[in-house]
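Hi everyone, thanks for coming. Have a look at what's on the screen, and then I'll walk you through a pocket, some salt bridges and a surface patch.

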Amino acid sequence: MASLPILALAVASFGIGTTEFVIMGLLPEMARDFDVTIPQAGHLVSGYALGVVIGAPLVAMATAHLPRKAALLALMAVFTLGNLACALAPSYAWLMAARVATAFAHGAFFGIGAIVARNLVPREKRTQAVSLMFAGLTLANVLGVPLGTALGQAFGWRSTFWAVVGIGLVAGAAIALALPGGMPGTRGGLAREFRALGRWPVLRPMLVSTLSSVSFFTVFTYIAPFLLTVTHLTPGGVTGALFAAGVGLTIGNLAGGWLADRSLMRTVLGSFAALIAVLVVFPLVAPFTWPALAVLVLWSGLAFALVSPLQVWVLEAASDAPNLASTLNQGAFNLGNALGAWLGGTALTLGVGYAELPALAAVVSLLGLGLAATGAARSLWPSLAASQGRS
């Protein structure tokens with residue numbers, strides 16, 4: 001496999017994942033520094049997600065004509081400069097603006113990066129290549145977030161952003177040296193790409209991507225209080241549990257890519273079905289430490305086993321409009337992040353307990369499974385799909 005170029009993409013995704021998620025561990029320091037409340041500081045998280053959702057189509061259009069390597073280098077420059085602005089931010093408003101600007105590079109980088117990764121390898125290894133690139137994002141949760149949080153707590157939150165600036169410089173250099181040139185941008189025009197996005201076979205996997213993310217973040221956003229109040233872990237135990245979950249989602253991401261190269265739709269359907277079963281079991285074992293940790297790791301792995309298969313499903317459905325579709329699917333995932341956090345928070349406000357959140361997530365996953373099954377019918381059971389089409 002074209003390991004060095006994909007490794008360069010993984011390093012960049014590690015930096016992007018770190019800057020997205022590490023801020024949650026630095027909110028108390030930021031709130032104190034800028035004299036705002038922690039909920040106000042928390043808007044820096046939603047501001048970033050909003051930046052991804054809004055920026056994805058805008059940046060996709062702006063970079064569509066560029067060669068892939070040039071587009072990725074430009075996006076890494078935006079990412080690095082954005083984190084530099086965060087490190088130097090003199091006010092809360094400046095930091096918010098810098099976070100949103102940085103987020104604009106997020107969706108387009110993963111969208112274009114997924115196209116590049118799958119084009120660097122033989123067809124039978126395409127989903128594995130995408131999952132290897134996304135492995136940087138999952139490793140950010142295992143290593144980047146805890147290390148970045150510890151660095152910020154020890155030397156001030158700005159030091160974390162300076163470290164991410166360094167990662168951005170290393171990733172940019174790696175892309176410049178390792179990625180081959182000669183991969184052109186969109187040649188058929190953006191109008192054709194927008195027309196392609198209006199087709200239901202393209203919109204369907206994007207909606208499934210959103211539902212998968214809603215399901216995960218309905219629970220994961222509140223996993224710390226869940227583990228504290230339901231499983232009765234200590235704060236140190238919660239840290240260890242989150243590390244284990246990070247390992248689970250990293251393994252799941254790689255396993256999902258490997259399985260999807262053997263059967264894309266069976267991997268999507270099987271992952272959703274297993275995910276629903278695990279979410280139903282989760283509340284039953286949650287009061288017991290070791291079973292709860294085992295289910296937590298399994299749940300994390302199954303949730304991220306869907307990421308690269310869903311990204312490749314979108315790319316295959318929009319083969320005549322890959323640039324915009326791949327980037328917008330990243331916006332779909334991030335929209336799901338925000339909706340999942342909102343859904344879980346609303347349920348808690350209405351009196352639902354932490355232990356009931358997995359059941360709510362299971363319902364969302366069931367919707368995702370049903371929608372995915374309608375898309376799988378034609379590829380897995382063509383005779384059934386044909387008979388339905390004639391009826």
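Okay, a definition to begin with: on a 1 Å grid over the protein atoms alone, a pocket is an open set of points with protein on both sides within 12 Å along at least five of seven lines, and its lining residues have an atom within 4 Å of a point. For the volume, points are joined across faces, edges and corners, and we take the space filled by probe spheres set on them.

Now, some housekeeping. This is a predicted model, where local features need pLDDT of at least 70 and side-chain atom pairs count only at pLDDT 80 or more, while totals for chains, interfaces and linings use all residues. Residues are numbered from 1 along each chain as its sequence is written, and side-chain values use heavy atoms, with hydrogens and water left out.

So, the largest pocket: its volume is about 1300 Å³. Which residues lie nearest its centre? Those are Phe21, Met24, Gly25, Phe220 and Leu242, out of 39 lining residues. Helices here are DSSP runs (H or I, at least four residues), numbered from the N terminus. Helix α11 contributes the most to this lining, with 8 residues. By type, the lining has 27 nonpolar residues, 10 polar and 2 charged; Asp, Glu, Lys and Arg count as charged, Ala, Val, Leu, Ile, Met, Phe, Trp, Tyr, Cys and Pro as nonpolar, and the others, Gly among them, as polar.

Next, salt bridges, meaning a side-chain nitrogen of Lys or Arg within 4 Å of a carboxyl oxygen of Asp or Glu. How many are there? The count is 2.

One joins Asp33 and Arg158, at 3.8 Å from N to O. Asp33 sits in α2 and Arg158 in α7, so this pair links parts that are 125 residues apart in sequence. Asp33 is partly exposed at 42% relative accessible area; buried is under 20%, exposed is over 50%, and partly exposed is in between, with a 1.4 Å probe and protein chains only.

Then there's Glu316 with Arg123, their closest N and O atoms being 3.9 Å apart. Glu316 is in α14 and Arg123 in the loop between α5 and α6, so here the parts are 193 residues apart. Arg123 is exposed, at 56%, whereas Glu316 is partly exposed, at 39%.

Last stop: Leu139, Leu143, Leu147, Phe243, Val247 and Ile251 make a nonpolar surface patch with about 530 Å² of accessible area together. Both α6 and α11 give it two or more residues. Patch residues have over 30% relative accessible area and no salt bridge, with nonpolar side chains (Val, Leu, Ile, Met, Phe, Trp, Tyr) joined within 5 Å; areas come from the Shrake-Rupley method with a 1.4 Å probe.

Methods: 1 Å grid on protein atoms, 1.4 Å probe; cavity = no way out; pocket = protein on both sides within 12 Å on 5 of 7 lines; lining within 4 Å. Patch = residues over 30% accessible without salt bridge, like charges linked within 9 Å, V, L, I, M, F, W, Y side chains within 5 Å.
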